[in-house]
Amino acid sequence: MPVRSSLPVRTAVRKAVVPAAGLGTRFLPATKATPKEMLPVVDKPAIQYVVEEAAGAGLDDVLMVTGRGKRAVEDHFDRAHELEEVLAAKGDDDRLATVRDLSRLARMHHVRQGAPLGLGHAVLRARDHVGQEPFAVLLGDDLIDPRDALLTDMLAARTRFGGSVLALTEVDPAQTHLYGCAAVERTDEDDIVRVTGLVEKPAPGEAPSNYAVIGRYVLDPAVFEVLERTAPGRGGEIQLTDAIHELAGRADGAGGPVHAVVFRGRRYDTGDRASYLRAVVQLACGRPDLGPGFRSWLRGFAETLPGTELPADVAAVPAAAAAH
């Protein structure tokens, strides 16, 4: 007789939800007519990095939760026949492939949020599309370096533990009021913790830990039922953090447990102007086609700024390497 495994069967995660309905007011006037998700980070819009990350982790079904004025986001991942014809006529095969590949990254779907009622509300708008499947949520303000397989590690944790999986990073305790922060318990695995509670942007000194939630989630579909009745929380918005907190604390374990991968890799924050500028510089420095020349220029430019030191990752590159 065949031997049956005692491990529970985990439904594979196939779908990703990308909330993209924000107004981008911190980037005005640039975002008056251009969605913030379309602001270029080097030579790609920020949202493209996110979709590429989802596709690279095997999630071939992507739902964008958008709002008014976001048509450019939809168009970016659609076919552009006239542009393709122009590039083909010029024999510009490299750019033609780049444009065509965008429409092949994943099966793209779109739904509007309707009103800016918070991240929890945006995720709830995905309910009809996701159904009763586990799914990933990727926020466009957090760009994860393609060399770091955070989402893949989170999907593996979901397969192992079930329930939901968050991404956490350690922050300076003085910065915890800027994040959702998790109460955690250690597990037998390095860099995986059990989440026992969450607090959205705790008051100074009241954070349960310095483990902060960053913009990657793998969620059990039970979160939808909780979001349906989650009252507006901090900022008058429906907070996804509040719903996950309930899942983590359920005595019957329904929809849980909640675990987290502690991320120690390369993350680029494009959430405000200063962080956005740093992200552009960091990603440009790491590009094999742009990095050597850009790092060389950056060294020279930094020398003209009194009291300025290069970032460690730039300064560590030998001058000889930057010249090649």
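I number residues from 1 along each chain as its sequence is written. The model is predicted, so I keep local features at pLDDT of at least 70 and side-chain atom pairs at pLDDT 80 or more, while totals for chains, interfaces and linings use all residues, and side-chain values use heavy atoms without hydrogens or water.

**Whole chain.** I find 13 helices and 13 strands (DSSP runs numbered from the N terminus: H or I of at least four residues, E of at least two). The radius of gyration is 21 Å against 20 Å from the globule rule for 324 residues, so the chain is as compact as a globular protein of that length (C-alpha atoms; the rule is 2.2 Å times the number of residues to the power 0.38). Buried residues make up 46% of the chain (buried is under 20% relative accessible area, exposed over 50%, partly exposed in between, with a 1.4 Å probe and protein chains only).

**Helix α7.** Just after α7, G162 has a positive phi of about 75°.

**K44.** I place K44 in strand β3, residues 44–45. Its side chain makes a polar contact with that of E52 at 2.8 Å (N or O atoms within 3.5 Å; within protein, one must be able to donate a hydrogen and the other to accept it, and residues adjacent in sequence count only if both atoms are side-chain atoms).
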